[in-house]
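Biologist: Could we go through this structure together? I would like to begin with the ligand and then turn to the protein itself.

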Amino acid sequence: MKRIYKLDKLTSNKIAAGEVVDRPASVVKELIENSLDAQSHNIIVEIREGGKNYVRVTDNGTGIHKDDTEIAFERHATSKIKSIDDLQSVVSLGFRGEALASIAAVAQMELITRTEDVVSGIYLNLNGGILKERKEIGCPKGTTFIVKHLFYNTPARAKFLKSNASEAAYISDLVAKYALAYPNISFRFINNGEIIFSTSGDGNIFNNIARIYGTEIAKNVYYLSEKNEMISMEAYIAKPSLSRGNRKLQVYFVNGRYVKNKAIADAIDDGYKTLVMTKKFPVCFIYLKVRPSQIDVNVHPAKTEIRFKNEQFVQTFVADAIRKKLSQENLIPHMHLVNNNDKNKSTIFPETKQIGINLIKDVEEQKEFSFKSLTSSENHSMPKNQKLVISEDKLSYNINSKDNEAYNKKIKKLESNNKQENPKLSNIKIIGQIFQTYLIGQDDDTLYLIDQHGAHERILYDHLIEMYKNQSVVSQNLLTPLPIELSFKEFNLVKNNIDIFKNIGFNVEEFGLNTIVLRAVPILFGEPEIKGFFLEVLDSLNKEISNGYEIKIDKIVSKACKNAIKAKDTLNTREIDELMRQLAYSANPFTCPHGRPIIISITRNDIEKKFKRI
Ligand code: ADP
Ligand code: MG
């Protein structure tokens with residue numbers, strides 16, 4: 001028979017610590033929040049060895065009353081509420097009175113603190129929650145906590161920690177987010193004796209982004225602000241070309257608090273749709289303000305995950321704001337003609353490399369990418385040694401048919417209805433074509449390379465989507481209907497989704513066993529590869545359905561457009577003009593629907609540098 005015993009205080013604190021402290025970053029989180037609650041303007045976070053053996057948080061806040069220093073380490077000891085009634089109005093980040101007790105239970109801890117009204121401060125040293133030393137010392141107003149040898153007395157927990165570099169990266173990330181959330185407070189983060197970043201606390205978010213994430217990112221963000229009666233938004237959103245392989249640099253704050261939220265993540269994807277490649281994530285810093293009543297209170301208030309009462313509303317608002325901003329900007333990636341050995345001279349804070357933010361790597365990849373697209377023809381399976389071709393031949397678009405007239409009218413209408421011609425693009429004068437793939441153009445003092453296939457894809461995609469949305473796809477009857485034999489599964493897929501095909505301009509009928517006949521196809525700019533186009537639509541529809549996704553027309557269309565382009569490489573001048581004209585009317589003329597760049601630019605300045613003229 002096992003009897004019941006009450007756990008002693010140290011044991012129960014150790015157990016409770018498991019819930020509050022699971023890694024050095026959670027120690028840092030609790031200490032920063034205490035500093036914020038103590039009205040500090042200056043917070044220094046210093047760690048060594050990933051915070052496993054040393055964490056220091058120093059602030060210039062109120063300090064702890066000299067008679068309260070010991071009780072602060074008791075569980076359920078707090079200055080922030082007195083009774084349950086205070087919970088309604090609590091504005092501090094903490095109020096449970098558990099953090100210090102928990103951390104102290106599983107580490108060696110020192111406290112140095114002084115309040116304004118006394119001349120000397122208090123020093124406390126605790127070991128596993130047991131007081132070892134207390135003395136008076138001279139110190140500035142404010143509080144310092146030092147946490148050494150975390151989990152020294154709970155080795156099972158220590159085992160779960162990751163490498164020093166990973167733990168340091170967690171902490172760096174965390175401090176960065178507090179620094180961004182509290183631009184009026186100065187933060188400094190020190191790792192192994194090196195200052196990783198510091199912010200000035202002057203309230204300037206942009207400067208904070210530059211100081212934390214480096215100048216390369218700061219140089220490439222756009223500011224936007226939008227609001228209505230329900231919600232307001234300020235944001236710094238980066239050019240698509242700066243996108244990353246994960247969402248780590250998508251940071252958002254709701255009413256000043258760093259949060260995670262699926263609706264905002266989806267809104268970013270939505271706003272950048274077709275501007276970034278799949279599996280690439282744009283860099284965004286978003287600050288939202290909503291009425292507190294708009295946030296779902298059923299989600300635990302201490303959790304970073306939040307939910308809005310009306311998620312869809314927030315998502316649409318954020319996505320629209322992003323889309324609008326991006327459509328106003330000139331997104332032509334600029335190509336620096338760098339020497340390979342220039343690369344190491346990065347202007348970005350070198351320390352970011354060490355902490356594992358991967359900043360440098362990504363930026364270099366970016367440069368590499370654009371450089372390659374100019375220099376290495378092998379990558380494009382193009383014939384080498386091509387001469388510059390300025391084509392004048394007689395290829396035409398079959399523009400005589402009535403159908404095409406209808407189409408042209410429609411396009412004109414779409415253009416005049418809601419689209420604006422992009423002045424940047426309409427100023428580009430095309431000089432010629434190289435590698436039968438890229439157009440070369442020029443405006444005042446910039447040289448442009450335009451990927452003609454990407455441009456074509458973009459135009460097809462835009463037109464088809466626009467017409468689909470307006471339910472006004474123009475079809476072209478085929479002179480000879482085209483029978484296509486399908487598998488049983490495909491055949492059924494077409495039969496069951498005939499409306500989808502109709503809505504994007506295909507006229508399809510059953511034609512005997514597992515065979516359909518195409519009578520009409522959507523008319524698009526240029527001449528689509530009809531059968532390939534149809535099969536591609538079918539294929540992506542099949543994928544969407546078998547993956548159980550909701551059918552996303554834009555996805556299907558974007559895939560289809562890629563294959564719809566006829567391998568007609570040499571364009572005549574009229575075709576080039578038309579391509580450029582239509583591109584200029586696109587809302588997203590700078591990237592193809594798959595997010596690859598369509599245009600890159602090189603300035604005269606860069607070229608002259610290369611020739612050592614300047
Ligand atoms: P809570 O934050 O939930 O109150 P903690 O265990 O984190 O509980 O802290 C206990 C108390 O110690 C706080 O209520 C506060 O009075 C005091 N305290 C902790 N850190 C600081 C600090 N940096 N500056 C001033 N007071 C502090
Ligand atoms: Mg606290």
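Biologist: How do the residues of the shell around ligand 1 divide into nonpolar, polar and charged?

Modeller: Please keep in mind that this is a predicted model. The shell around ligand 1 consists of eight nonpolar, nine polar and four charged residues.

Biologist: And which residues are the closest to ligand 1?

Modeller: Asn34, Thr78, Ser79, Lys80 and Gly97 are the closest of the 21 residues that surround ligand 1.

Biologist: What about a nitrogen atom of ligand 1 and the side chain of threonine 143?

Modeller: An N or O atom in the side chain of threonine 143 is 3.4 Å from a nitrogen atom of ligand 1. As for cover, ligand 1 taken alone exposes 530 Å², of which the protein buries 93%.

Biologist: Which elements give two or more residues to that shell?

Modeller: These are α2 (24-37), α3 (99-105) and β6 (142-148).

Biologist: Changing topic: which residues touch the most other members in the largest nonpolar core?

Modeller: Leu31, Tyr213 and Phe285 do, in a core of 60 residues. The element that gives the most to this core is helix α5 (residues 164-181), with eight residues. There is also a second, separate core of 49 residues, with Ile306, Ile322, Ile332 and Ile450 among them.

Biologist: How many aromatic pairs does the structure hold?

Modeller: It holds 11 aromatic pairs. In one of them, the ring centres of phenylalanine 73 and phenylalanine 145 are 6.2 Å apart and the planes are at 75°, so the pair is edge-to-face. The two residues are 72 residues apart in the chain, with phenylalanine 73 in the loop between β2 (54-59) and α3 and phenylalanine 145 in strand β6.

Biologist: Are phenylalanine 73 and phenylalanine 145 buried or exposed?

Modeller: Both phenylalanine 73 and phenylalanine 145 are buried.

Biologist: Why is the pair of phenylalanine 506 and phenylalanine 534 edge-to-face?

Modeller: Their planes are at 75°, with the ring centres 5.4 Å apart, so the pair is edge-to-face; the cut-off for that class is over 60 degrees. Phenylalanine 506 is in the loop between α16 (498-503) and β18 (507-510) and phenylalanine 534 is in helix α17 (residues 530-546), so the pair ties together parts 28 residues apart in sequence. Phenylalanine 506 and phenylalanine 534 are also buried.

Biologist: Which residues form an aromatic cluster?

Modeller: Phe206, Tyr223 and Tyr236 form one.

Biologist: Next, where is aspartate 266?

Modeller: Aspartate 266 is in helix α8 (residues 262-271). Its relative accessible area is 23%, so aspartate 266 is partly exposed. The side chain of aspartate 266 makes a polar contact of 2.8 Å with the side chain of lysine 262. Glutamine 315 is 49 residues away along the chain, yet its C-alpha atom is 7.0 Å from that of aspartate 266.

Biologist: Finally, what is phi of asparagine 255?

Modeller: Phi of asparagine 255 is near 50°, a positive value in a residue other than glycine. Asparagine 255 is in the loop between β11 (250-254) and β12 (257-259), and its relative accessibility of 34% makes it partly exposed.

Biologist: And what about phi of glutamine 436?

Modeller: Phi of glutamine 436 is also positive, near 50°. Glutamine 436 is in the loop between β14 (429-434) and β15 (438-443).

Note on methods
Residues are numbered from 1 along each chain as its sequence is written. Chains are lettered from A and ligands numbered from 1 in the order in which they are written. This is a predicted model: local features need pLDDT of at least 70, side-chain atom pairs count only at pLDDT 80 or more; totals for chains, interfaces and linings use all residues. Side-chain values use heavy atoms; hydrogens and water are left out. A residue is near a molecule or strand if one of its heavy atoms lies within 4 Å of it. A polar contact is a pair of N or O atoms within 3.5 Å; within protein, one must be able to donate a hydrogen and the other to accept it, and residues adjacent in sequence count only if both atoms are side-chain atoms. Accessible areas come from the Shrake-Rupley method with a 1.4 Å probe; for residues, only the protein chains shown count as cover. Helices (H or I, at least four residues) and strands (E, at least two) are DSSP runs, numbered from the N terminus. Ala, Val, Leu, Ile, Met, Phe, Trp, Tyr, Cys and Pro count as nonpolar, Asp, Glu, Lys and Arg as charged, and the others, Gly among them, as polar. A nonpolar core is a set of buried Ala, Val, Leu, Ile, Met, Phe, Trp, Tyr and Cys residues joined through side-chain atoms within 4.5 Å. Buried means under 20% relative accessible area, exposed over 50%, partly exposed in between (1.4 Å probe, protein chains only). Rings of Phe, Tyr and Trp (its six-membered ring) pair if their centres lie within 6.5 Å; planes under 30 degrees apart count as stacked, over 60 as edge-to-face and the rest as tilted.
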